[in-house]
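Good morning, and thank you for coming. Today I shall present one protein chain, and I ask you to keep the sequence and the structure in view while I speak.

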Amino acid sequence: MDILGFSTEEKYSCYKMVGVILHLGNMKFKQKAREEQAEIDGTESADKAACLLGIRSTDLITSLLHPQVKIGNECVTKDQNVGQVLYAVGALAKATYDRMFAWLVMRINKTLDTKLASKFFIGVLDIAGFEIFQLNSFEQFCINFTNEKLQQFFNHHMFVLEQEEYKMQGLEWTFVDFGMDLQACIDLIEKVCAPVQRGRECSVLAAM
């Protein structure tokens, strides 16, 4: 961050947002006895997250436990059970991270921007394939699918086609087999499945 010209305030703002996300993840809730309403189980993490956000802890807790829903021209307070509150906390953490990441990209691009004509670039390719978690969200599914497609493209153009070029040129070369991949998973997602609409066919990915 120092090399990219981040100010002290900008750096601490990023650190604070990371702290907010971590403390949101540590918040615990419990169900009220004989009620369909959740309540917070200790306010330590909520207090820290609220402090870093610059808001009152009671406002943060109330917005999670009793959010307001606009119906017509009126706002109605809605009770939340534990599952709904945890979903709201997760959505808040994801939204916070999303905005922080978008700002970081914008800020870095601003620093690296130059009016000179660019002739060179540095490309970074993450070819980590499918991640295996106990529970995968749809976002992680999309990330896994994209990473695996990138890895297949990279392997095919950088290794398979390159080795074929060696063979055409008559070079002595021990062929390396890159067959251990997850092409079967890609095919399962992309292949044409049974029609879901009359006269139309779709892939699993398109159906989603």
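**Aromatic pairs and helix packing**

I begin with Tyr97, which is partly exposed because its relative accessible area is 45%; partly exposed lies between buried, under 20% relative accessible area, and exposed, over 50%, with a 1.4 Å probe and protein chains only. Please note that this is a predicted model, in which local features need pLDDT of at least 70 and side-chain atom pairs count only at pLDDT 80 or more, while totals for chains, interfaces and linings use all residues. Residues are numbered from 1 along each chain as its sequence is written, and side-chain values use heavy atoms, with hydrogens and water left out.

Which residue forms an aromatic pair with Tyr97? The partner is Phe101, and the pair is stacked, at 6.1 Å centre to centre and 20 degrees between the planes. Rings of Phe, Tyr and Trp (its six-membered ring) pair if their centres lie within 6.5 Å; planes under 30 degrees apart count as stacked, over 60 as edge-to-face and the rest as tilted. Tyr97 and Phe101 are separated by about one helical turn, because they are four residues apart in helix α4 (residues 82-112). Phe101 is also partly exposed, with a relative accessible area of 46%.

The structure holds three aromatic pairs. Another of them joins Tyr12 and Tyr15, and this pair is edge-to-face: 5.9 Å centre to centre, with 85 degrees between the planes. These two tyrosines, Tyr12 and Tyr15, are three residues apart in helix α1 (residues 8-26), so about one helical turn separates them. Tyr12 counts as exposed at 51% relative accessibility, whereas Tyr15 is partly exposed at 47%.

The protein chain has seven helices and four strands, where helices (H or I, at least four residues) and strands (E, at least two) are DSSP runs numbered from the N terminus. Of its 208 residues, 23% count as buried.

How are two packed helices described? One gives the angle between their axes and the distance between the axes. Axes are lines fitted to C-alpha atoms, for helices over the stretch in contact, and angles run from 0 to 180 degrees between N-to-C directions.

α1 and α4 pack at about 160 degrees, with their axes 9 Å apart. They are therefore roughly antiparallel to each other; angles under 35 degrees count as roughly parallel, over 145 as roughly antiparallel, 65 to 115 as roughly perpendicular and the rest as oblique.

Next, helix α2 (residues 44-53) and helix α3 (residues 57-65) pack at about 110 degrees, with axes 8 Å apart. That makes α2 roughly perpendicular to α3. Their contact has five nonpolar residues, one polar and one charged.

Finally, helix α5 (residues 138-168) and helix α6 (residues 183-190) pack at about 120 degrees, with axes 10 Å apart. That makes α5 oblique to α6. By class, their contact has four nonpolar, two polar and three charged residues.

Conventions
Ala, Val, Leu, Ile, Met, Phe, Trp, Tyr, Cys and Pro count as nonpolar, Asp, Glu, Lys and Arg as charged, and the others, Gly among them, as polar.
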